[in-house]
Amino acid sequence: MKKLLLIVAAATFSGSLMAGGLVTNTNHSAYMTRILSRHASTGVDAVYFNPAGLTKLDNGFHFSLNNQVIGQTKTITNDYTFLNQHPTEYTGKVSAPIFPAVYAVYKKDKLAFSLGFNPIGGGGGAEFATGLPSFEMGISELVPILGVMLTPLDLGITGAGYPDPTFRNVTGYDADIFFKGSSVYFGYQANVSYEISDMISVAVGGRFVTAKNTYEGSISNVTITAAPSAYTGLTTPFAGTPGNYLRAIALSAVGASSATMLNGSAAVLDGMTNVEADAIEEGKGFTPILSVNITPNDMFNVALRYEFKTKLSLTTTVNDGKDAGGMFEDGAIKVADMPAMMSLGVGVRPASKLYIAAGMGYYFDNNNDYDGSTEVNIKMTDKNFFEYSVGIEYALSNMIRISGGYSGTMTGVNENYQNDMRYSLNTTTFAGGFGIAVSPKVDINLGAMYTMYKDGDKTLTPSLPVASITETYDTSTWVVGVGADFHF
């Protein structure tokens with residue numbers, strides 16, 4: 001059971017909050033939340049989506065301030081035999097009330113200089129009120145394990161001609177499980193864009209990434225229930241800690257050698273059923289970025305962006321010795337690289353009031369290390385992650401534009417990657433919203449999107465000799481975004 005908090009710490013919070021890659025967020029403007037496809041952007045949010053397209057802005061200063069409110073629900077179902085209820089459903093709530101994106105551009109003739117800030121990975125905090133299957137499964141196994149452990153003692157006593165003490169009749173368990181954590185990878189980006197000709201622009205840039213994961217948790221008040229036994233002086237069912245149950249048995253007439261064994265096992269169980277974690281993982285990395293924008297005519301715009309792999313190592317700090325039973329190691333290093341990715345976007349304006357956009361993102365996950373260790377190499381992906389999107393916008397008037405979008409993702413992970421703390425599923429997202437031109441210098445974006453995930457499942461091999469376990473995974477995510485663009 002000591003490993004439970006570590007598994008969550010290593011997996012649950014170091015991924016992406018929105019489906020844009022296994023560890024990469026792509027929802028980086030309010031405009032994106034209402035149209036979904038911004039890979040060919042030539043607006044201020046092109047600082048992230050298409051840096052080369054910034055040369056299409058007018059000369060002067062341009063700023064964009066955005067925030068999104070994100071809510072996510074994760075649902076895991078597990079049918080392990082020993083759980084109090086099976087199948088058992090576990091629900092985790094992830095929230096990100098502040099998910100900012102800030103961009104600044106200075107454009108002068110053929111050159112554009114830009115800065116950007118956003119949560120490139122993570123960005124939310126999660127709390128699991130009743131734990132997760134991998135938490136409770138280990139605790140639930142106390143019931144059969146204690147039953148098997150105490151059966152020889154019962155048989156020895158009955159074999160000597162005494163009544164059956166029924167020590168083995170452990171009937172149930174309970175526990176208080178708490179875990180919360182947060183993860184955010186902040187990206188600080190800078191680009192230089194240059195217009196080679198009216199048709200072609202290029203950009204070179206980079207992103208400095210700071211990563212921080214925090215974990216707090218405990219497994220406490222683990223208790224079991226057992227049938228009454230005259231040998232322990234109990235006339236009612238026992239209800240207490242596993243260690244105290246074994247100590248109660250040791251005080252009965254079981255012999256000195258059995259008592260020593262029981263007291264030793266009780267001490268071990270005391271440590272295993274009282275675990276605390278308070279740890280931080282932090283690290284820094286850098287992402288080189290290249291971008292090309294092609295405008296063959298007034299109707300079409302094509303954008304290509306390539307982000308190199310971000311080498312990222314996280315160093316662990318354990319607070320107040322709360323190391324989850326020795327599973328967090330102060331000063332330990334975890335690999336948390338972000339994969340290289342390529343995006344392609346096309347924007348089409350067939351009429352002055354109509355704009356159509358489409359795009360794709362391709363993440364080179366097969367070249368990335370997702371097991372977190374420099375000493376082992378576990379293959380966790382069979383294919384690279386792929387996302388695609390399409391959006392449409394129509395101007396109802398000179399002031400108001402309405403838009404909608406659709407996107408989907410196809411993950412390439414295998415069963416080595418999937419577990420109840422970290423899983424990747426294919427998604428479908430719908431979005432809509434409005435753009436409001438308050439004045440020639442101020443533009444407001446209001447958008448919302450909802451992501452549905454295709455259920456996934458995995459067959460688990462139990463540690464005890466019982467039927468295999470089926471675990472299913474599901475998620476839903478909603479986002480509301482608001483942003484303002486300023487032009488001077």
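Q: Is Glu393 buried or exposed?
A: Buried means under 20% relative accessible area, exposed over 50%, and partly exposed in between, with a 1.4 Å probe and protein chains only. Glu393 is buried, at a relative accessible area of 5%. This is a predicted model, in which local features need pLDDT of at least 70, side-chain atom pairs count only at pLDDT 80 or more, and totals for chains, interfaces and linings use all residues. Residues are numbered from 1 along each chain as its sequence is written, and side-chain values use heavy atoms, leaving out hydrogens and water.

Q: Which side chain does Glu393 meet in a salt bridge?
A: A salt bridge is a side-chain nitrogen of Lys or Arg within 4 Å of a carboxyl oxygen of Asp or Glu. Glu393 pairs in this way with Arg34, at 2.8 Å from N to O. Glu393 lies in strand β13 and Arg34 in helix α2, so the pair ties together parts 359 residues apart in sequence. Helices (H or I, at least four residues) and strands (E, at least two) are DSSP runs, numbered from the N terminus. Arg34 is buried too, with a relative accessible area of 0%.

Q: Which residues are linked with Arg34 and Glu393 in a network of salt bridges?
A: The network also takes in Arg401 and Asp443.

Q: How many salt bridges are there by this rule?
A: The count is 14. One of them joins Glu307 to Arg207, with the closest N and O atoms 2.9 Å apart. Glu307 is in strand β8 and Arg207 in strand β5, so this pair ties together parts 100 residues apart in sequence. Both Glu307 and Arg207 are buried.
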